[in-house]
Amino acid sequence: MAGNNTITSADAIFALTVTNLYPSAQTLEGYAADAMFALGDTEMAVSVRGADGKLSAGFVFGEYLQTITIMPDSPSRQIFETWQLTTQTSKAVFRCNATIILPAIGRKFTMTNGVLQRAKAIPDANRVLQQMTYQINWETVTSEAYNA
């Protein structure tokens, strides 16, 4: 479907596995309307300009920190709550892997060896309950072409 002249996110698929908790892929659903998931910028290099104006630079491994935003009534909330509770009670890190498919642009992204780094324990209560965010730090993120 690449080249479909669309930029919709409505057909995005996010499938997540968590070692020892969810060995079968769980498809996330019930995203917030204006913030499904976002991957922050990743630092690729560090540079320093010398006294003579010459720029020195070196490659660095940056973080791939991704924020997932779901509604409080999302069926996927239970996945994150179980992951968070199990992490806290066992004082252990549970690694995860994921695949995101974006048919609108014909791309598939594979994320590996991630950890749940931050979690919102309870939704904010305003006039209605507010969206909840979870952050996963990935070791690797790769991209490839995808055709449905």
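Tutor: The model is a predicted one. Let us start with phenylalanine 14: setting aside neighbours within four places in sequence, phenylalanine 14 contacts Gln26, Thr27, Leu28, Tyr31, Phe37, Gln66, Ile68, Ala98, Thr99, Ile100 and Met111. Phe14, Tyr31 and Phe37 also make up one aromatic cluster.

Student: What is the overall order of helix and strands in the protein?

Tutor: The protein has one helix and 10 strands, and along the sequence they follow the pattern β-β-β-β-β-β-α-β-β-β-β.

Student: Which residues have the most contacts inside the largest nonpolar core?

Tutor: They are Phe14, Leu16, Phe80 and Trp83, in a core of 24 residues. Strand 1 (13-18), strand 6, helix 1, strand 7 (96-102), strand 8 (107-119) and strand 9 each give two or more residues to this core. Strand 9 provides the largest share, four residues. In soluble globular proteins, nonpolar side chains tend to be buried together.

Student: How many aromatic pairs are there, and why are phenylalanine 80 and tryptophan 83 called stacked?

Tutor: The count comes to five aromatic pairs. For phenylalanine 80 and tryptophan 83, the centres are 6.1 Å apart and the planes 25° apart. Rings pair if their centres lie within 6.5 Å, and planes under 30 degrees apart count as stacked; therefore the term stacked applies to phenylalanine 80 and tryptophan 83.

Student: What makes phenylalanine 80 and tyrosine 134 a stacked pair?

Tutor: Their ring centres are 4.3 Å apart and their planes stand at 10°. Since the limits are 6.5 Å for pairing and 30 degrees for stacking, the pair is therefore stacked. Phenylalanine 80 belongs to helix 1 and tyrosine 134 to strand 9 (residues 132-138), so this pair ties together parts 54 residues apart in sequence. Phenylalanine 80 and tyrosine 134 are both buried.

Student: How do you know whether phenylalanine 61 is buried or exposed?

Tutor: The relative accessible area of phenylalanine 61 is 79%. Exposed means over 50%, so phenylalanine 61 is exposed. Phenylalanine 61 sits in the loop between strand 5 (55-59) and strand 6 (64-70). Together with Met44 and Phe59, Phe61 forms a nonpolar patch on the surface, with about 430 Å² of accessible area in total.

Student: Why is asparagine 113 called partly exposed, whereas lysine 91 is called exposed?

Tutor: Asparagine 113 has a relative accessible area of 27%. Buried is under 20% and exposed over 50%, so asparagine 113 falls in between and is partly exposed. Lysine 91 has 73%, which is over the 50% limit, so lysine 91 is exposed.

Student: What is the phi of lysine 91, and what is that of asparagine 113?

Tutor: Most residues other than glycine have a negative phi. Lysine 91, in the loop between helix 1 and strand 7, has a positive phi of about 50° although it is not a glycine. Asparagine 113 is placed in strand 8, and its phi, near 55°, is likewise positive in a residue other than glycine.

Note on methods. Residues numbered from 1 in each chain as written. Predicted model: local features only at pLDDT ≥ 70, side-chain atom pairs only at ≥ 80, totals over all residues. Heavy atoms only, no water. Patch = residues over 30% accessible without salt bridge, like charges linked within 9 Å, V, L, I, M, F, W, Y side chains within 5 Å. Areas by Shrake-Rupley, 256 points an atom, 1.4 Å probe, with all protein chains shown as cover. Salt bridge = Lys/Arg side-chain N within 4 Å of Asp/Glu carboxyl O. Buried < 20%, exposed > 50% of the residue type's maximum accessible area, 1.4 Å probe, protein only. Phe/Tyr/Trp six-rings, centres within 6.5 Å; stacked < 30°, edge-to-face > 60°. Core = buried A, V, L, I, M, F, W, Y, C linked by side-chain atoms within 4.5 Å. Contact = heavy atoms within 4.5 Å.
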